[in-house]
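My notes follow in the order I checked things.

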Amino acid sequence: MNKELIEKLKQDLEKEKSSLEKELESFATEDKKIKGNWDAKRTNSEDTDMEEKADEVEEYDNLLSLEHSLELKLKDVNSALEKIKEGKYGKCEKCGKEIEKERLMACPEAKLCMKCNK
C-alpha cells in the first residue's frame, strides 16, 4: 500500500477519533483508571415523580448502549492508528493478506479482508 493512501487514511482515522471522543464527551466522562473506558453521566433528580425517574432510567439505559457502541468504534480506530505507527496497517488479522483498498477507503479501521469478513 502506498504512503499517500496510508497518510490519507490516517487523517480520516484521526478525524473519526476526534469525532467519537467529542460525542462521548457530550454525555460521558473518561475513566481515569481504565484506558478507553467511558462512564455515562447519570442524572440524579431526587425531587421528581416516579414517571420522570422512569424516564431518566430509560434515557440512562439508552446512553449506556450508545456509550458501549462508541467505545468499541473508538477502540478499533485507536487500534488502526497504532498499526499505522508500527507499520502493520492494512493486513488482515485472520489470514494475514492485505486488506482491499476499497474496503479500507470505506472503513479505515477494518481488521479483516473481504473474504475473511464474510
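I began with the largest cavity, which holds about 60 Å³ of space. My search of the whole structure found one cavity of 30 Å³ or more. The search runs on a 1 Å grid over the protein atoms alone, and a cavity is a set of points where a 1.4 Å probe fits but cannot get out. Grid points are joined across faces, edges and corners, and a volume is the space filled by probe spheres set on the points.

I noted the ground rules here. This is a predicted model, in which local features need pLDDT of at least 70 and side-chain atom pairs count only at pLDDT 80 or more, while totals for chains, interfaces and linings use all residues. Residues are numbered from 1 along each chain as its sequence is written, and side-chain values use heavy atoms, with hydrogens and water left out.

Which residues line the largest cavity? I listed Asp76, Ser79, Ala80, Lys83, Tyr89, Gly90, Lys91, Ile99, Glu109, Ala110 and Lys111 (lining residues have an atom within 4 Å of a point). By class, the lining has four nonpolar, two polar and five charged residues. For these classes, Ala, Val, Leu, Ile, Met, Phe, Trp, Tyr, Cys and Pro count as nonpolar, Asp, Glu, Lys and Arg as charged, and the others, Gly among them, as polar.

**Glu109.** I picked this residue from the cavity lining. Glu109 sits in the loop between α3 (101-106) and α4 (114-117). Helices (H or I, at least four residues) and strands (E, at least two) are DSSP runs, numbered from the N terminus. Is Glu109 buried or exposed? Glu109 counts as buried because its relative accessibility is 9%. The cut-offs are under 20% relative accessible area for buried, over 50% for exposed, and partly exposed in between (1.4 Å probe, protein chains only). Setting aside neighbours within four places in sequence, I found Glu109 in contact (heavy atoms within 4.5 Å) with Leu13, Lys73, Asp76, Val77 and Ala80.

Next I took the largest pocket, with a volume of about 370 Å³. A pocket is an open set of points with protein on both sides within 12 Å along at least five of seven lines. Its lining has 17 residues, and the closest to the pocket centre are Lys17, Lys35, Leu74, Asn78 and Ser79. The elements giving two or more residues to this lining are α1 and α2. The most come from α2, with nine residues. I sorted the lining into four nonpolar, three polar and ten charged residues.

**Core.** The largest nonpolar core has 24 residues, and Leu13, Leu24, Phe27, Tyr89 and Leu104 touch the most other members. Such a core is a set of buried Ala, Val, Leu, Ile, Met, Phe, Trp, Tyr and Cys residues joined through side-chain atoms within 4.5 Å. At least two core residues come from each of α1 (3-25), β2 (38-40) and α2 (50-86). With eight residues, α2 gives the most to this core. In soluble globular proteins, nonpolar side chains tend to be buried together. I followed up Leu104. Not counting residues up to four places away in sequence, Leu104 touches Met1, Leu9, Tyr89, Gly90, Ile99 and Ala110.

**Cysteines.** How many disulfides are there? With a disulfide taken as a pair of cysteine sulfur atoms within 2.5 Å, I counted zero disulfides. Cys95 is partly exposed, because its relative accessible area is 37%. For Cys113, the closest cysteine sulfur is in Cys116, at 3.7 Å, again too far for a bond. Cys113 counts as buried, at 5% relative accessibility.

**Spot checks.** I found Ser19 in helix α1. Ser19 is partly exposed, at 41% relative accessibility. Ser19 and Lys73 are 54 residues apart along the chain, and their C-alpha atoms are separated by 11 Å.

Glu30 is in strand β1 (residues 28-30). Leaving aside neighbours within four places in sequence, Glu30 is in contact with Asn37 and Trp38.

Last, I checked Thr48, in the loop between β2 and α2. Thr48 is buried, because its relative accessible area is 19%.
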